[in-house]
Amino acid sequence: MVWAAFSVTGTVGSLVAAAVAHRLRRRPVFFLGWLVTGAPRFLVLASGAPLWAVAVVMGIGGLGGGFLNPIIGAVTYERIPPEMVGRVRGIGQALTWAGIPLGGLLGGAAVAGAGLGPVLVAAGVVYFLTTHLAGLRPEWREMDRHRGRGRAGSVHPATPADATPSAS
C-alpha cells in the first residue's frame, strides 16, 4: 500500500509536470521535489507513525518526485552536446545501478549494527544533505539558462546558420 501510494502519485506528478512544467522555473521546482520526496519518507518511517500517515507522506513524496525526471531529462538534453549524450547517460546509469547492491549491503549492515530507527533518521539526513547542499553551488543556477532553446550551441531548425536572406 505504501509503495503503491508513492508510485501512483509519482506517475500523476510526472503527468502534471508534463502539462505545466514549461510555465515553472526549474530550480525551485527541482529542489522542492527533492525536499518532499526524500528525507520525509525516511523520517516518517523512523517515527513509528501509523500506516495511513506513512502512506500520505509517501504519496506526497511521489507527487514531488514525479517532477524530477522530466527536469533532469530536459536539462540533460539541453546541456550535453549531442555527440556525448550516449556516453554521459550510459556512465550515469552504470554508476547508479552499480551502487544499488552496495547500498543494500551497507544498509543491512548499518541496521544490524545500529537498529532500524537510527539508520532511517541518518538516511533521511544524508538524503537531505546530498540533494540540497549541491544546490548551493553556482552551477545549479544555470538550470534555466538554455530553457526553451534546445541544445546548448545548437541552431534552431527554423533558422539555419547558413541561411541567406532571399530577395523576394
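Trainee: Helix H3 (residues 39–47) packs against H4 at an angle of about 175°, with the two axes 9 Å apart. What makes H3 roughly antiparallel to H4?

Mentor: The angle of about 175° is set against a cut-off: under 35 degrees is roughly parallel, over 145 roughly antiparallel, 65 to 115 roughly perpendicular and the rest oblique. H3 therefore counts as roughly antiparallel to H4. The axes are lines fitted to C-alpha atoms over the stretch in contact, and angles run from 0 to 180 degrees between N-to-C directions. The model is predicted, with local features needing pLDDT of at least 70 and side-chain atom pairs 80 or more, while totals for chains, interfaces and linings use all residues. Residues are numbered from 1 along each chain as its sequence is written, and side-chain values use heavy atoms, without hydrogens and water.

Trainee: Which residues make the contact of H3 with H4?

Mentor: Pro40, Arg41, Val44 and Leu45 of H3 meet Ala53, Val54, Val57 and Met58 of H4, contact being heavy atoms within 4.5 Å. These residues divide into 7 nonpolar, no polar and 1 charged. Asp, Glu, Lys and Arg count as charged, Ala, Val, Leu, Ile, Met, Phe, Trp, Tyr, Cys and Pro as nonpolar, and the others, Gly among them, as polar.

Trainee: Why are H2 and H4 described as roughly antiparallel?

Mentor: H2 and H4 (residues 51–65) pack at about 155°, with their axes 7 Å apart. That angle is over 145, so the pair is roughly antiparallel. The crossing of H2 and H4 is left-handed: the near helix is turned anticlockwise from the far one by less than a right angle, whereas clockwise would be right-handed.

Trainee: What makes up the contact between H2 and H4?

Mentor: Gly33, Val36 and Thr37 come from H2, and Ile60, Gly61, Gly62, Gly64 and Gly65 from H4. By class there are 2 nonpolar, 6 polar and no charged residues. Gly is among the residues that count as polar.

Trainee: How do you know that H3 and H7 are roughly antiparallel?

Mentor: Their axes come within 8 Å and cross at roughly 165°. The angle is over 145, and H3 and H7 are therefore roughly antiparallel. Their crossing is left-handed. Ala39, Arg41, Phe42, Leu43, Leu45 and Ala46 in H3 meet Gly117, Leu120, Val121, Ala123, Gly124, Tyr127 and Phe128 in H7. This contact has 10 nonpolar, 2 polar and 1 charged residues.

Trainee: Which residues lie nearest the centre of the largest pocket?

Mentor: Phe30, Trp34, Asn69, Ile72 and Thr96 do, out of 27 lining residues. On a 1 Å grid over the protein atoms alone, a pocket is an open set of points where a 1.4 Å probe fits, with protein on both sides within 12 Å along at least five of seven lines, and lining residues have an atom within 4 Å of a point.

Trainee: Which helix gives the most to that lining?

Mentor: H5 does, with 8 residues. Helix H2 (26–37), helix H5 (68–79), helix H6 (85–114) and helix H7 (116–132) each supply at least two. The lining of the largest pocket has 14 nonpolar, 9 polar and 4 charged residues.

Notes:
Helices (H or I, at least four residues) and strands (E, at least two) are DSSP runs, numbered from the N terminus.
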